[in-house]
Amino acid sequence: MLSGAADVGVATLIAIGLLCFVVVTVRNLVSTIQLLLAARIFVTRIKPASRSYDLWTRYADLALPVSVIAPCYNEELSIADSVRALLTLEYPDHEVILVNDGSSDRTLAVLIEEFDLRPIEREQLAELQKTRINGIYGSVRYPNLILVDKQNGRKADAVNAGLGFAAAPLVCVIDADSIIEPDGLLRAAEPFMTDDGSLMAVGGAIRIVNGSVVAGGHVREIRLPGKWLPRYQILEYLRAFLTARIANARLDMLMLISGAFGMFRRATLVDIGGYRHDTVGEDLEVVTRIHRRMREEKKPYRIDFVPEIVCWTDAPESWTGLRNQRARWEQGALETIVEHRRMLGNPRYGRVGLVSMPLIVIEDVLGPPCELFGYLLIPLLWLMGVESGTVVLAFFSLTVLFGTALSLGTLALEEVQLRRTPRARDLAMIGIAAVVENLGYRQANLVFRLHGMWRFIRKDNRWAAAGRSAFVRQ
């Protein structure tokens, strides 16, 4: 009896180990295909203008008006610089709609004082928010600045409030504490200028600002973060934005435009009811809902990505902040999968239903537990004498060496095509991080994602802050 039970236990462990091996293999295969496709796209595409002056000369007369919606909450220390940077973006016709989401500090007072704001009357074209609007303010000195003061309702509700007051055909949703490069709006609007009306949204690359010098709301000098935690995140962002997003956009399967920066057709967002209030992953959900609506209505549409659009954001520098962020991302992905589960494997939704949604399931449902269990089970089987050292080495190679190779490949692609890392020493340090991240950081992220699964099971929608670090200012 005991021998039979032991045999069943060993067989179960072997089956789980094989499943982990298959899932990790599939994930690595997908990442490899994305990297190769992204490299091909970079080589064969028509490169955009490299200088802001060329962009302005070519497109200033064609640019559609844009409403920049920037929700903010308790940002009294940096909000003035952030708003000045938004007002000075290189764009011929844009308004800035700042939404104060019930801040409990002096954010509202600072804005009123710094920009000479006065109460105004402005028609709300669409009422999409769930909370009360306290007041609308306009600036005496900046006619294109509007402040919407409202009750706290979190980011999605704040964006919806701003969307209701936006009058331009294009809206840019950006975090108030993010820093978009001066020509970012013009680069994001460029694809819409030659579009036939089918382009729904455009995303851009998000980069880590930690350690860089910031002055007047702009990044003046790009530097490597002093701490290793944000250095590892630089690699994650490179892999996500320079391989996965580029490849998926080319295949018409882009499912995520970062909440830190994205440009949308206003009519599209209003038509689908704006951002959802009951999810912590509103950026993934809103793009998935656009796909779903367009597919169900059988309308031609595109969602694009432009890697030259750069928005700088602050990365967590503490393990607690990183855990909160990654758990939130994982929880938001699971909420989106459940909400749009009818798309999964459904031919009605084309390659989005047949490929994109299953890949999200592999990445966010099967991937974290399988990889983490693999780290534990394979060595256990080896110690029990069940698996040979060759199998253990194969799993290690897939999860560590293969991941390192993908990171270095992405770093090489970034250096050849975009050259956003100015110093060779910084490139070398990021390369070292590509190896070291496999020795603890990657495994910790898996644990954090399991924490997000637990939050999803408990339906815990409380907002867990990732924390912020102070910019290096001049």
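Mentor: Two strands pair if DSSP finds at least two bridges between them. Helices (H or I, at least four residues) and strands (E, at least two) are DSSP runs, numbered from the N terminus. The model is predicted, so local features need pLDDT of at least 70 and side-chain atom pairs count only at pLDDT 80 or more, while totals for chains, interfaces and linings use all residues. Residues are numbered from 1 along each chain as its sequence is written, and side-chain values use heavy atoms, with hydrogens and water left out.

Trainee: Which strands pair with β6, and in what sense?

Mentor: Strands of a sheet pair through backbone hydrogen bonds, either parallel or antiparallel. Here β1 and β6 run parallel, joined by 4 bridges; Ser-67 has Val-171 of β6 as its bridge partner. With β11 the sense is antiparallel, over 5 bridges, and Leu-170 stands opposite Arg-265 in β11.

Trainee: What is the strand order of the open sheet?

Mentor: The 10 strands follow the order β3-β4-β5-β2-β1-β6-β11-β8-β12-β7, with mixed pairing. Strand β8 (residues 199-208) pairs with β11 (residues 261-265) in the antiparallel sense over 3 bridges, and Val-202 has Met-263 of β11 as its bridge partner.

Trainee: Which helix packs on the sheet?

Mentor: Helix α3 (residues 79-87) does, touching β1 (66-72), β2 (94-101), β5 (145-150), β6 (170-174) and β7. Contact means heavy atoms within 4.5 Å. The direction of α3 makes about 160 degrees with that of β2; axes are lines fitted to C-alpha atoms, for helices over the stretch in contact, and angles run from 0 to 180 degrees between N-to-C directions.

Trainee: Which way do the side chains of β6 point?

Mentor: In a regular strand the side chains alternate between the two faces of the sheet. Leu-170, Cys-172 and Ile-174 point one way from β6, and Val-171 and Val-173 the other way. In β6, 5 of its 5 residues are buried (under 20% relative accessible area; exposed is over 50%, partly exposed in between, with a 1.4 Å probe and protein chains only). Helix α6 (residues 184-193) is also mostly covered, with 10 of its 10 residues buried, including Arg-187 and Glu-190.

Trainee: How many disulfides are there?

Mentor: A disulfide is a covalent bond between the sulfur atoms of two cysteines. The criterion is a pair of cysteine sulfur atoms within 2.5 Å, and the count comes to 0. For Cys-72 the nearest cysteine sulfur, that of Cys-172, is 15 Å away. For Cys-172 it is that of Cys-311, 8.0 Å away. Cys-72 counts as buried because its relative accessibility is 2%, and Cys-172 because its value is 1%.

Trainee: How do the axes of α7 and α10 cross?

Mentor: Two packed helices are described by the angle between their axes and the distance between the axes. The axes of α7 (residues 228-250) and α10 (residues 319-339) come within 11 Å and cross at roughly 25 degrees. The two helices are therefore roughly parallel to each other (under 35 degrees; over 145 is roughly antiparallel, 65 to 115 roughly perpendicular, the rest oblique). The contact includes Tyr-237 of α7 and Trp-329 of α10.

Trainee: Which strands form a hairpin with 2 residues between them?

Mentor: β9 and β10 do, and Gly-216 in the turn has a positive phi of about 60 degrees. Strands β9 (residues 213-215) and β10 (residues 218-221) pair in the antiparallel sense over 3 bridges, with Glu-221 of β10 the bridge partner of Val-213.
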